[in-house]
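Work through the following exercises with the sequence and the model at hand. Each task is followed by a solution in steps.

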Amino acid sequence: MDQLLLHACCGPCSTVALPAWQAEGLAATLLFYNPNIQPSCEHGRRLASLEEFALLAGVGLHVHEGGGAADWFAAQNGAAGQERCAACLNLRLYATARLAAARGVPRFATTLTVSPYQRHDLIRLAGEAAAAAHGVEFLYADLRAQFARSGQESRRLGLYRQRYCGCVPSKWEAWAMQRSRLRRPV
Ligand code: SF4
């Protein structure tokens, strides 16, 4: 069976992304490298949720720590807005491509394509550039239609579900959005 290294952002997105790639005849191993997830207790919660899912799904999970959150801050170099996300996606997908090449796995993908909140154009750009740099293939599939099902699946399996993308700015943005919804006149 053809091998795939599947970068996994969290357990919930993996519940639908993993079967989608398996249905394509690929044998996937999960990779957790997400130094964007802050603070460290949240990073630990999302990793624990993915470990639980990997066990239930019976697939291998490789955890790459790298330099931890310091990797993300170094990659940001003061970026903001869309550039912040581009730098964040580059960091994670270049590392995935490099690890795939080092392990002799010819292709990689990411569970980030399940989320309707992610910039899919930036994911594709980062994935394709990373693939070219490391001589592997990036597989993109728009899995946004399965986002609702990932919620149902994670509830069914009792997996932790996060409420913000990952970095501290995204936590504040989610909080501000929630507050503005609560303040909206009825
Ligand atoms: S919002 Fe999400 S994708 Fe963008 S920088 Fe923060 S963690 Fe990364």
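**Exercise 1.** Determine in what order the elements of the chain run from the N terminus on.

Solution. The order is β-α-β-α-β-α-α-β-α-β-α-α. This comprises 7 helices and 5 strands, where helices (H or I, at least four residues) and strands (E, at least two) are DSSP runs numbered from the N terminus. The model is predicted: local features need pLDDT of at least 70, side-chain atom pairs count only at pLDDT 80 or more, and totals for chains, interfaces and linings use all residues. Residues are numbered from 1 along each chain as its sequence is written.

**Exercise 2.** Compare the radius of gyration of the chain with that of a compact globule.

Solution. The radius is taken over C-alpha atoms, and the globule rule is 2.2 Å times the number of residues to the power 0.38. For 186 residues the rule gives a value near 16 Å, and the chain has 16 Å, so the two agree. The C-alpha trace spans about 55 × 40 × 30 Å along its principal axes.

**Exercise 3.** Describe how H1 and H6 pack and cross.

Solution. Start with the axes, which are lines fitted to C-alpha atoms, for helices over the stretch in contact, with angles from 0 to 180 degrees between N-to-C directions. Helix H1 (residues 11-22) meets helix H6 (residues 147-157) at an angle of about 115°, their axes being 8 Å apart. H1 is therefore roughly perpendicular to H6; angles under 35 degrees count as roughly parallel, over 145 as roughly antiparallel, 65 to 115 as roughly perpendicular and the rest as oblique.

Next, list the contact (C-beta atoms, placed from the backbone, within 7 Å). H1 supplies Gly11, Pro12, Cys13, Thr15 and Val16, and H6 supplies Arg149, Ser150, Gly151, Glu153, Ser154 and Leu157. By class there are 4 nonpolar, 5 polar and 2 charged residues in the contact of H1 with H6. Here Ala, Val, Leu, Ile, Met, Phe, Trp, Tyr, Cys and Pro count as nonpolar, Asp, Glu, Lys and Arg as charged, and the others, Gly among them, as polar.

**Exercise 4.** Describe the packing of H3 with H4.

Solution. Helix H3 (residues 69-76) and H4 pack at about 130°, with axes 9 Å apart. They are therefore oblique to each other. H3 passes H4 in a right-handed crossing. The contact involves Asp71, Trp72, Ala75 and Gln76 of H3, with Arg84, Ala87, Cys88, Asn90 and Leu91 of H4. It divides into 5 nonpolar, 2 polar and 2 charged residues.

**Exercise 5.** Which residues are around the ligand, and which helix gives the largest share of the shell?

Solution. Helix H4 (residues 81-103) gives the largest share, 3 residues. The shell has 4 nonpolar, 3 polar and 1 charged residues.

Terms used:
Left-handed = near helix turned anticlockwise from the far one by under 90°. Contact = placed C-beta atoms within 7 Å.
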